[in-house]
Amino acid sequence: MLRRSLQFALGRDVLGRGLGTHRGGSTLDWNGKMSEIKKKIQSVLPGGAWTQLHDTSYLPPEHSDVYSQASTVLSVGGIRQQFSVPENIQLSLFSIDFLRNINEYLAVVDDPPLDIQFNPSGYLLLASEKGAAVLESNVRVQRQEGAKVCLMSPEQLRNKFPWINPEGVALASYGMEHEGWFDPWSLLQGLRRKVQSMGVLFCQGEVTRFVSSSNHAETPSGEEVTLKRVHEVHVKIDHSLEYQPVECAIVINAAGAWSGQIAELAGVGKGPPGTLQGTKLPVEPRKRYVYLWNCPQGPGLETPFVIDASGAYFRREGLGNNYLGGCSPTEEEEPDPENLEVDHEFFQDKVWPPLAQRVPAFESLKVRSAWAGYYDYNTFDQNGVVGPHPLVVNMYFATGFSGHGLQQAPAVGRAVAEMVLHGNFQTINLSPFLFNRFHLGEKVHEHNII
């Protein structure tokens, strides 16, 4: 089910794509279309959580369970600059500034200040001998981009964090500032409160169809393609047998794990294999487990968000010696995404052993609860897809972040707004994250996907 909140807003279309048409002149004249766009005053944003709530002005009554499967509220809320690709680092640097100054952006008159419970305890990444050179190279890039990250030897690691067993660790990197975690639900509710104070209404429904017009064009390489423009979205509102047609000038596909299905509904990927027309949006739901455990003798309040060389991770949760953690499965271990049932044996077999080896106190932990959520998993290169589709000329993407979407969402929301309003990225050049890379085979090689 493509059940997501729909969000409607005034937007500006990006109309230039470098494509000639068979009709003479360009049907994609930007300035000439602005009066038409302003008359429609609507952008449609299939999606339901954090990225999608930027730049909205109308959303038709909310349901209490609208975010029950949203990746935002089911995440562990981490934010880090410890990536290997400059653009990912820049995105998170902006986002942390947004979060640290949250009430400058999301304050509402006569309402109490927003508290997202930000914990600036940093990230600690551990590398084996095999991964040490890559970790060191990553830190070099992070420092060049303005992140404050230090390298630590096993001895330094043990001195600073005596609860760690450094056996098998050759090198560690530690974020000294602007890293940590926050409460995703508080952030989401704060953003909802803000946009509602600006006149936004909410609804829940299912996108069932896109109505579009088309004409033919030729790419610079001589490939003939069909250009589409979405004019109307059909939305089946909950508890109704009827659909609501919504006229739109722009569609922003921020449907997370279901964005690939939304794109297919709009005709993306409906063409011969190997062509631009036949290139799909390679985003699908992948299920991930999060476990909550208690350990009375566990690491103290100074504990950072730890990512072990094995891929297992954990962080503190509150003040009562509780911890959140998990581990991404291998490709062969990927669980069935059709439901959000938790596999408790996965913790016993894959998560607990490496964490207990790394933190001996965890030998006596007791699991209290667990849940599952979805990654909007980009099967091509596990990095975000941001910006316009080259052929569905009024569809934009903000999806495919494969686990780091929440922490980058403020910057991504800004980037999409820039593309819609100005026709290009203004502050962070996210060209490597454009849709075209799937057709060209140009992967973004990010080494720190968790």
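Helices (H or I, at least four residues) and strands (E, at least two) are taken here as DSSP runs, numbered from the N terminus. The model is a predicted one, in which local features need pLDDT of at least 70 and side-chain atom pairs count only at pLDDT 80 or more, while totals for chains, interfaces and linings use all residues. Residues are numbered from 1 along each chain as its sequence is written, and side-chain values use heavy atoms, with hydrogens and water left out.

Of the 450 residues in the protein, 56% are buried, where buried means under 20% relative accessible area, exposed over 50%, and partly exposed in between (1.4 Å probe, protein chains only). The protein exposes about 19200 Å², of which carbon and sulfur atoms supply 50%; accessible areas come from the Shrake-Rupley method with a 1.4 Å probe, and for residues only the protein chains shown count as cover.

Helix H5, which runs over residues 132–144 and has 13 residues, reaches 19 Å from its first C-alpha to its last, close to the 18 Å expected at 1.5 Å a residue; the expected span is 1.5 Å times one less than the number of residues. Its buried residues are Ala132, Leu135, Asn138, Val139, Val141 and Gln142. In an α-helix there are 3.6 residues a turn, so residues three or four places apart point the same way. The buried residues of H5 pack against helix H3 (86–100) and against the strands E5 (123–127), E6 (149–152) and E7 (171–175). After H5 comes Gly146, whose phi is positive, near 100 degrees.

Gln117, with a phi of about 55 degrees, is placed in the loop between helix H4 (102–106) and E5. Ser402 has a positive phi of about 60 degrees and lies in the loop between strand E19 (395–399) and helix H10 (405–422). Ser402 is buried, with a relative accessible area of 1%. A polar atom of the Ser402 side chain lies 3.2 Å from the backbone oxygen of Gly400. Residues up to four places away in sequence not being counted, Ser402 touches Tyr375, Asp376, Tyr377, Asn378, Gln382, Asn383 and Ile449, contact meaning heavy atoms within 4.5 Å.

The structure holds 20 aromatic pairs, in which rings of Phe, Tyr and Trp (its six-membered ring) have centres within 6.5 Å, with planes under 30 degrees apart counted as stacked, over 60 as edge-to-face and the rest as tilted. The rings of Phe314 and Tyr323 have centres 6.3 Å apart and planes at 70 degrees, so this pair is edge-to-face. The rings of Tyr323 and Phe362 are likewise edge-to-face, because their centres lie 5.2 Å apart and their planes stand at 70 degrees. The latter pair links distant parts of the chain, with Tyr323 in strand E16 (residues 322–326) and Phe362 in the loop between helix H9 (344–358) and strand E17 (366–378), 39 residues apart. Both Tyr323 and Phe362 are buried. One aromatic cluster includes Phe314, Tyr323 and Phe362, together with others, among them Trp163 and Tyr291.

Definitions and conventions
Polar contact = N/O pair within 3.5 Å; in protein donor to acceptor, adjacent residues only side chain to side chain.
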